[in-house]
Amino acid sequence: MSNGHYEPPRQSALGQFFDSLFLLALVFASLFAPLYLGLASGGKTEIELADKTTWAGLGQNAVMQGAWEKLGYTPETAAPVIVSRFDYSFDLVALGVTALIVVGYFVLVVAFSKSEYREVIAERFGRRDQ
Amino acid sequence: MTQTTAIHGEKISLLRVLGPGHVWALGVGIVLVGEYMGWNFSVGKGGAIAALIACWVAGLLYTCVAMIDSEVTSTVAAAGGQYAQAKHIVGPLMAFNVGLFLVFAYTMLEAANAITLGYLIQTVGGMMGQTTAGGEALVLHDKPFIVLTIMFLAWLNYRGVYATLTFNLVITAIAFVAIIILFFAVRPWSSDVLQHNELLTGLPYGWIGVIAALHFGLWYYLGIEGTCQAAEEVRSPARSLPLGTMTGIMTLLIAATMTWFICAGLMPWEYLGQAVTPLFDAARLMDSLPLMVLLFIGTIFSTLASANGCINDASRAWFSMARDRYLPQWFGAVHPRYRTPYRSIVFLVPVAVLFAYYAPLDQVITFSILSGLLGYTFMTFNVIMFRRKWPLGTIQRGYVHPLHPLPALVLLVLCATTYFAVFLGYGTQLMAMMAFFIIASLWFHFHRYRYVRRGDQFTMPWPRPLGDY
């Protein structure tokens, strides 16, 4: 194949439809579903405060209190925002696996691209030994 | 000013009329919406001071991006930007992935713009204090506005009624001036209005929060590399592209610092870290109706201009991949009357609507940032492969960036740090995104690529690449 001209097959309308459907399904299954099912909203925790009913108890000074109130908040409605924190504790194994997947993805893409690129160059410029 | 002619969905006549000023305006126009929303989630991840440090570090990352992209794009003088680069330098599967990076970065940004616009209208509706006949407060829901925004802009693009570059620049200029006016209204030379001493609380998460904040720090500049896509229309790419892009980054750096300075001096970091419309909220805190109206208009204009450009760019990227048969050819069709890539426009609408309707703003923005981040990672090895395959002197380059490979290495380190920043708090989304791209890559290599022509993909008049490719 790398020696001559490659003429790709013509894809049927049904084949094109299924390819489009596959991509749409992939977007929804891998990107949308974790959000919709709430799986992507992890990583949050709350700080413990003895008094969540007053601005002072929430650790807010007079200037902060003024801003919250101008924005339409009371101590009760502001409390969930103020006590919410990201949980940055992490497992080194999870970090290692994530790093491996990101690096592995790029290695995979570059390796497959390389084999495809050889065919492109061979057809465009001819084989190296020619 | 727009000098392109759209025939059959492609640019067929590109006049070299743009100077560095145009490139600057194009870049700032694309990115300005990032000052109006999204950047402040970096405050939520690390506190206000961490967000400022992240803003400056992200500025360094984008400086590397601009240096690298100026060289490669001014040489690969083909429409399509990074997608065309990947086809010529790395290979088809990489190009397929880069095309998807562009589609998702723009589609998710479009969804984020719609969410912001809907939320703003809901907020302003609530502030009007209207009540029902029964005396209950009238609640204006954001969802219809989110769907209407996307549908209306998609319809405009379908009909080919593109907002011209000049029009987009005018409304983004108004949005930019609104930030400047707000900056002077808060009297930054005194502490009458801004209360940094009372509101800045150090680093609530410590230094790990500074790293975590880098995640949303990218939002200040995401898309500035789009300036390089104007390579074919620039009079002197060697001068205009790097100059226009770098001054654009400097402008955004200043605008971002001003935005941070205003917001961090007006509201507590806990509020700022989760606000949907931080600049509009800053105007609310000023007790000034004219300022509120101005920032309302600025937010609406910047989100509309950005969403409109996103629909155009995402559908063009999808269309280009279909034309190259990377995707079903059905998407490569052009409307017989409006001459737009109408099927690509329509296909991406449900994706944008669904994410805008159901997903929180920070998570939609994270998908956009991740798509951009994957693209910046690609740039690091792309430029190294470019210099190896076609060393200096073998082909005509529009611009040669200095200190190679230092910018690529710095960019790689900053990209790796940003992946870690996303992992902190948004690890599931990172994994979801990687799963999507890995499965899509396997699908392309083992199934889709059989429909792709081989030699036709290489269109540049270059000699055979050197080395083992």
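A crossing is right-handed if the near helix is turned clockwise from the far one by less than a right angle. I start my notes with that convention, as the helix pair below needs it. The model is predicted.

**Entry 1: a helix pair in chain B**

I looked up α7(B), residues 143-159, against α15(B), residues 342-358. Their axes lie 10 Å apart, and the packing angle is about 165 degrees. Angles over 145 degrees count as roughly antiparallel, so α7(B) is roughly antiparallel to α15(B). The crossing of α7(B) past α15(B) is right-handed.

Next I listed the contact residues. α7(B) brings B:Lys143, B:Ile146, B:Val147, B:Ile150, B:Ala154, B:Asn157 and B:Tyr158. From α15(B) come B:Tyr342, B:Ile345, B:Val346, B:Val349, B:Ala352, B:Val353, B:Ala356 and B:Tyr357. By class I get 13 nonpolar, 1 polar and 1 charged residues for this contact.

**Entry 2: chain B as a whole**

I find 17 helices and 2 strands in chain B. Along the principal axes, the C-alpha atoms fill a box of roughly 70 × 50 × 45 Å. Buried residues account for 60% of the chain. I also checked contacts in chain B with a separation of 6 or more: 83% of them join residues 24 or more positions apart.

**Entry 3: chain A against chain B**

I turned to the contact between the chains. Chain A gives 53 residues and chain B gives 69. On the side of chain A, the elements with two or more residues are α1 (13-36), α2 (62-70), α3 (75-83) and α4 (92-125). α4(A) supplies the largest share, 21 residues. The side of chain A that touches chain B divides into 35 nonpolar, 10 polar and 8 charged residues.

The peptide bond from B:His404 to B:Pro405 is cis, with omega near 10 degrees. B:Pro405 sits in the loop between α16 (361-389) and α17 (406-446) of chain B.

B:Arg187 is not a glycine, yet its phi is positive, about 50 degrees. I place B:Arg187 in the loop between α8 (165-185) and α9 (196-199) of chain B. B:Arg187 counts as exposed because it has 11 C-beta neighbours inside 10 Å.

B:Arg339 also has a positive phi, about 55 degrees, although it is not a glycine. B:Arg339 lies in the loop between α14 (289-323) and α15 of chain B. With 14 other C-beta atoms within 10 Å, B:Arg339 is partly exposed.

Methods
Residues numbered from 1 in each chain as written. Chains lettered and ligands numbered in written order. Predicted model: local features only at pLDDT ≥ 70, side-chain atom pairs only at ≥ 80, totals over all residues. Axes fitted to C-alpha atoms, helices over the stretch in contact; angles between N-to-C directions. Helix = DSSP H or I, 4+ residues; strand = E, 2+ residues; numbered from the N terminus. Parallel < 35°, antiparallel > 145°, perpendicular 65-115°, else oblique. Contact = placed C-beta atoms within 7 Å. Nonpolar A, V, L, I, M, F, W, Y, C, P; charged D, E, K, R; others polar. Buried ≥ 20, exposed ≤ 12 C-beta atoms within 10 Å, placed from the backbone.
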